[in-house]
Structures are given as C-alpha cells and as structure tokens.
Amino acid sequence: MLMSHHVLLLERMVVFMLQRRFNRGGSDSWGYGEGRDDSYLVGFDAEKGDRRSFALPGSHPHYNPDRPGQVSHILLELDLDIPNHSYNGLCSITIIPVQSGMNQLTLDAVNLNIDQVLVKQQPQWFSYDGDQLQIQLTQPMQAGQAVTVAIAYHVNHPQRGLYFISPDEHYPDQPTQVWTQGEDEDSRYWFPCFDYPGQLASSEIKVRVPKAMTAISNGELVDVIPEGDNRLYHWHQKEVHPTYLMTLAVGEFAEIHDEWQGKPVTYYVEKGHKDDAKRTMGKTPKMMEFLSHAYGYSYPYPKYAQVCVADFIFGGMENTSTTLLTDRCLLDGRAALDTYRSESLVVHELAHQWFGDLVVIKHWSHAWIKEGMASYSEVMWTEQEYGADDAAYYRLNEARSYISEDRSRYRRPMVTHVYREAIELYDRHIYEKGACVYHMIRAELGDDLFQRAIHRFVQDHAHQTVETIDLVRAIDKATGRNLQFLLDQYVFRGGHPDYKVAYKWDNDSKLAQITVTQTQVSTDSTAPEQELFDLKIPIGFGFVPRNQSDAQHQGNQPHDSVASQPATQSNPDTPTVEITTFTVRIHERQQSFYFPLPTPPDFVSFDVGNHWLKTVTLDYPLPTLMAQAQHDPDPISRIYAIQATAKKGGLEAVKGLTTVLSRDVFWGVRKEAAKALATVKLDQVFEALLLGLEDQDARVRRSVVQALSQIKTKNSYKTLKAIAESGDPSYWVEAGAVEGLGTIAAGLITTKSPATDEPSKEEKKVLKILTSVLATRQGWNEVVRSGAIAGLSKLTTSEAALDVILDYTKLGTPQALRLGAIRGLGAIASGQTPHNRDRILNRLEALATETFFLTQVAVVAALGKVETMKAAAILQRLADQTPDGRVRRRAEETIETVRKVASPDKTIKKLRSELDQLKKDNQELRSRLEALEAKGQNEKPKKS
C-alpha cells in the first residue's frame, strides 16, 4: 500500500495541491507529488527537532489472536444497490479446525447487520455487539474436517471498507463507482472475517451490478451471467491470500488491454482517459519482467489489473492481482514532461504482488518487510530505467523523508507491536527507512549475493507468512552472512547515526586527519552504548588530474533530458578521478584517523558510495568542499559538499555553486545547487540563479524558481512575474512561479494604503495576477491554480486574499484545489485581524465535520498553523469523532503543538520581526563588502 508513500503519496498528491510517500508522507499538488517536491524535507544535517513518543496514550502490545483453525476458502456473494448506497451479502467461510470439540467461533464484523448464520443450511445461534460476531455451533467441530459457516448480512451506507462514489449537486460530473479498501483492518467493515494477515485462504466473489457497469476482483474471471438489467460477475482467486487483500471495484470503465508472457495485463480508467492510462501505466509489462527477475520468481497470478478510481483514500492498494490506484495518478501529456512519481507508484504496487501478496507478513509489526521492499523497488526500477545517478538521488530523498519524520515527529523501532491501531505503523519508518535498510543489505552483500538472498527468501516463503527473522535466516541460508548486527541497529531500535566529519592536512608528516563525531550521542549521555552505531565506513581521498581539473562532471551547458527519458549519467570527456579508499570502524562518539598520502587530496569523500543511512555535516576547508562539489564521481557526495559550501557563505562559495548549477551533468545535483544558493544571503545569488532558468530539465527550473522566491527583491519578483504570465512547459515550474509571487510580494508591498483601509496599489497588482490564474489556469490536478492559492496564503495581512481563499473552500471547487485552499486558511491566519481569524476558525470548524479523509487531513494541517486554543478545541473534537486512526493521530499530535505556541509573548514576536529586518540589512552590507573585496583583489598591482 502506498500510504506513507499516502497520507504520504496522497497527501502530497492531492494537496498543493498530495503532497510524501506513496504514509510513505509535504506540500505537492497531488500529495505524493509530481516529480515530487522535496522542499518539505529537512537536509541531512538538520538539527534535532521536537521529537515525541511514538506510543500515544492508549497504546498497548498487539498480538495475533488464537487460531481456531485454518481458513481454506471465503466466498462472498453481494447484491449491490448502488443508488441507495447499500448491499446484501452472504459470506461463506470454510475453516479446517486445529482441534476437536470446539463449538465457538469469533469473527471480526463492524457495523454490519447480521441476518442469519447457517451451517449446512441449519441456523446457528449467534450474538453480535457491532464489532465481533460470536457464533455458537450446534455441533462441535472435528479436527481436520472442514466446516463452512454462511453469514447472511446487509449494510446501509457503509463508512469504511466498501465505498460508494456517486455524483451529487456539488460534483455532478463525479463518476458512479464502488470500490473497497481493506488494509489495514477494514475488511471487517464490508464482510465478516478473521481480519488479520496471519490467515491465508483462497477466495471467490460473486457480485450483481447494473449491466452497464464492470466488476473487477481478485484472480480469474470465471463467468459473467446476464440477469435482465443486471449482470452477475464471478471472480475466483485460487492462490491463498489474507482478507485485507480481497477487493472489488465497480464502474463504467474504459479498458486498455496489454499482456506479459501470455498473461492479461489490463488498465481500467474512467472513459475518456485511455491515453492517460497508457502514458501512466504503459510500462507495467516491462516492470513485471524486471521484478520477476529481481525477485527470482515469475509473476505469480493469472492476470494483473490496475483500476483507477475516484476519491481513493490512498495512492494505491496492492490487492492480489488487482491493484487499485487513485485516478489522480493519471498523467496528461504536459504532466508527463517532469512527473515520474506515477511511474514509481505503479512499480511500488506491482512489487507488492510479491512482497505482501505472495510473501505475506504474519503480523502488522513486520510491515516494513513488504513496504520497505516495495519502496526499494522504486529505487531499483529507477536505476534500471534511468541510471545509477537517478537511483542514488531517489534513495537520498527517501532517506531525507524518513529523517524528517524522525526529527519532527517521533523515533521508533521499525518493528514494534506497541501501538493503538495498526495503521499508525504505516509511516516513513517502514516505507522510506525500510527502502534504505534493503539498500544497506544490498551494499553489505554485493549485488550478486543480495539477489541470491532475495530469491531464496521469496522462493522459500511463497504463499506463506513471514516475520523479520525469516529474512535474516534467508540471507544466512543463501550467502552465509549474518546481518543481525545491521538489523539490530537499524530495525529493532530507532534512529540512525549523525556524523560530523572534520578534515585537516598535516603537510610535514603527509598525513590526512579525519575526525568523526557521532553527534546523536550527547556528551552527558547516561547510556551512550544504546545510541552509538558501530559501522565500517569507507573514506575516500580524491585526486583530480591537474590539466583537466575543470572538466570533471561538467559540460559546456546543461544537457539532461527530461524525466520521461533516460538521463545521461556521465560525460564522455570526463577524466578519471583517482580515489584512494580506506575502510575504518566507527563505533565511538569521537574518533580521529590518520592516513598517509603522498600529496594533499583535492577532496575527501566520507562513506564512498553513500550506502549507509545517516546524516553528515562536513567540516572541510572551502577549497576542499568546492573540489568535491565539482569532481566527486558520486552525486550524493557532491550534494553533501554543495550543502556544506553554502553554509560557508561568501562570494567564493557563490561562484563555486554557480559553476555546479550551470555545468554539472546530473539534474539532481544542479537542483541541489539552486536550493543551496538560496541559503547564501548575498545579492550576487540572484544573478547566479538566473542561469538556472535556462536549464533544459524542468525539475532544475522548478528548484531555481523556488530559490528565487526566497530572494525577496523587486528583481526576483519581476523574474517570476514573467514566468507566471508567459507560462512554462512544466506545470510545476509555472505553479512555483505563481506561488513565488505571493511569497515575494508579502515582503515588499505595503498592505494598506496610508489614507484608507483599502489594499495598496502593489497588493492590488499581485492580487490581480493570482486571481487571474485562478480564473483561467484549470489543468491537471489543479497544480497551477493551487500555486495561486499558495501564493495568496503568503499575503498574511490581506483580507482580500483571505476572501478569495475562503471562496475556494466551498463544495463544488475541484477537490485538489479545495484541499489546497483549506490548507491555505492556516497559512494566511498568522497576520489576520482577530475578526478574520475567527472567520477562519469558524470555516475550519464547519469543514471538520466533513467525513472525507483528505478533507480532514487538510483541516488538521490548517488548524495546526492557526495556533490558538480554539484551534486546539476544534482539533480535539475532530480527534474524538473521526473513525480514521490516521486523522486521529495527526490531530492529537497537532493539539500538542498548538497548545505549546497558542499564547506567544508579544515581545518575542516583536523581537523576531526586528531580527528579520537586521538579517535583511546585514545581507545588503555583506553583499557590498564582498563586492568591494573582490574588486580590491582584482585591482592589486602585479609583481613584475
């Protein structure tokens, strides 16, 4: 399931409008992103945040229940009444008892109306409390002898599990659809079952639907029987799977047929979107071939279907042989220019057909096994399709995403059975950190042994349940390696190492001194052994050929292709950089190492290859950093050096970063150079960034636009205004420019005219631009118009901007845009008058009563920024009333944050404002000083 990659894919996909995760998890337009905006991610050298405990009040240990027997088969017979959002069901469960004499069964069944329970057509006594169905059998069961229990029931207006989607007065163009979502424990909301992953059974679904509609489910289509105005679909899943993977999707779909090795591969989308379906899912057969080879097991099911549905509450769900996807992942031609997260979503859910469906976790606490591998498969596919540099950068952003959660929310072991609801486990620890753990296993074993270990694991446990220890044993069985040390440090306890690395050269002794400090361990720690990591880290010393030192990883101009094409990974004219590598054991809080070298190295690369999950702060001289930023073969090491160079500041740093921005061959490094430049508070940065606007890769241009938004000057405003008015081939670049106008204008304009209470002339101008965008720039997932809403939300003292945002929170506004507007209410609140802040809170209070998951998530995010006790009260009511555990947890965490800052001292606010002005004045003075010094250097008389 892509959730952390949902609230994570979804949140980032839908709101920026959804933004990261796929739980797996930001502020992109669709919640999981376009080409995924990583601006919400902290850097690898971020400071520790306000970390909470993962276990909230009410958490307790969870275990699988006692097993009365093995469920061998489940047959669901459903008669849907779509106009009335109701259905009748008959669920027949065949169970083989493990012991004789049992005459009671307890099934999970929530908010179902139980009509009758039968065994061999004979009524059985039962009791039902709304959560569990207790069945008293008239005849005790005999060990090994199958018993089929049939439960007749009906459901009106289900809240979870099975969803009816239909048009209404606000959204008359909404399609009519029915779809299900079982993970984690929501199957019990649409049929009675043993609802935990430890029970595996084959399944059948027979469903009666209107004849104009198509019903898709697990396994093979056995028959379609006409019945007057209806049709009866019969699907049969012969391979065993858990109840959370049983699914049903009904709608009037267009079908696109493909195949892989004779097996049908079908894409179902709303009519009129066939081209979008091919554009988004067309690589599926190629992915099936790739993953079959990677996992050492041919795709295990008779067909593979992907069904795009409306209002889906995740990015995707890997139901066995039938994945459901949010229809927001469908790309139009323009979105495909620089958006590859849909491709990652497709391969993530496909990977689950092996990790999750074929090999099933025994308990939710081990969900990282499947979610981590599905997320790592995104990395592996990126490497296969786009090259090693793209894969390394993808993995870096996976790590950043996890680290952001670790610092700002909580730190936890990846395997824990202490929680309130299992859905809480679906976070960035199991998705993004899980991907990093698989990569560390791969790096430790090497590609060949890693492949052998994965093959062994899948082949030994196909159609079975597993725990983490089974992976450890499979690795040992296939390779002879014991990697318990790695899992003990990264999986069974929380955290990661935070390294500070200092370098000095002793010219007399010809020694390079490297001092490494594990800063996650404080000097006064009472139990440092529980916080230290014990790892073997390769340290490389790079030497660049003198006569070609300006060529490494550079070309004459940016020349990457766009994301939809494999990117060039190397320059054929690049000289070979010699790297001398030493591997050292780092296991203490601070250690110094001395390395004999013939000459001073040009650069130092800590953790050559960057395979270990960590944070790194580099304390190198500026020339060493600049050499690494331009010459290190590893793009991630170049990025580390870029970040450290920016922290040094100064004109020389700007020059070095400008060189990287204009000449590095890899788009990801150029993107990071633009981000880093924005943090250097010198006026010369503006001219440097202008070069990046000519970059052929839209992802780099987007980063440049975001960087320009942080330079709050009239020149940067004019630059972004030109982009906003003329547009850009990329939705995201255009949206970034539009949003940036609001960001810059907020710092430049006078909010009110001196003589009246009317907006100033400057404010009216920016309002006119942003409202014009809202009126005319409809498009894919409302990316550009959401940028306008985000821009308006930066005008925190503007009542006119608030009025516009409030208007777009009304029902009838396209969902993606409406979600962005809801979040915008929180962003704009800080500078509003008490009266307008009350208007915001009243609107959010009304929105909090809506039941749609994404609306509730957006409301929580907005209330978190209002920072008043009334906001905390609304959050508490939402937490008490919502049936969704994800919303509840987010609301409770936000309440804690809001209460801490609800009544800030006015003096502190004033001091902050004065500090901001001092920073601005200081930047101007530094820029002038740097320019004068540079001029003085150039005018020094030369020796004859």
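Two strands pair if DSSP finds at least two bridges between them; strands are DSSP runs of E with at least two residues, and helices are runs of H or I with at least four, numbered from the N terminus. The model is predicted, so local features need pLDDT of at least 70 and side-chain atom pairs count only at pLDDT 80 or more, while totals for chains, interfaces and linings use all residues. Residues are numbered from 1 along each chain as its sequence is written, and side-chain values use heavy atoms, with hydrogens and water left out.

Q: What makes β19 and β21 a pair?
A: Five bridges join β19 (residues 304–309) to β21 (residues 322–326), and the definition asks for at least two. The two strands run parallel, and Ala305 stands opposite Thr322 in β21.

Q: Why are β17 and β20 called edge strands?
A: The open sheet has the order β17-β18-β19-β21-β20, with mixed pairing. β17 (253–260) and β20 (316–317) each have a single partner strand, so one side of each is left without a neighbour in the sheet.

Q: Why does Cys193 count as buried?
A: Buried means under 20% relative accessible area, exposed over 50%, and partly exposed in between (1.4 Å probe, protein chains only). Cys193 is at 1%, so the residue counts as buried.

Q: How do you know that Cys308 is in no disulfide?
A: A disulfide needs two cysteine sulfur atoms within 2.5 Å. For Cys308, the nearest cysteine sulfur, that of Cys329, is 4.3 Å away. A search of the whole structure finds zero disulfides.
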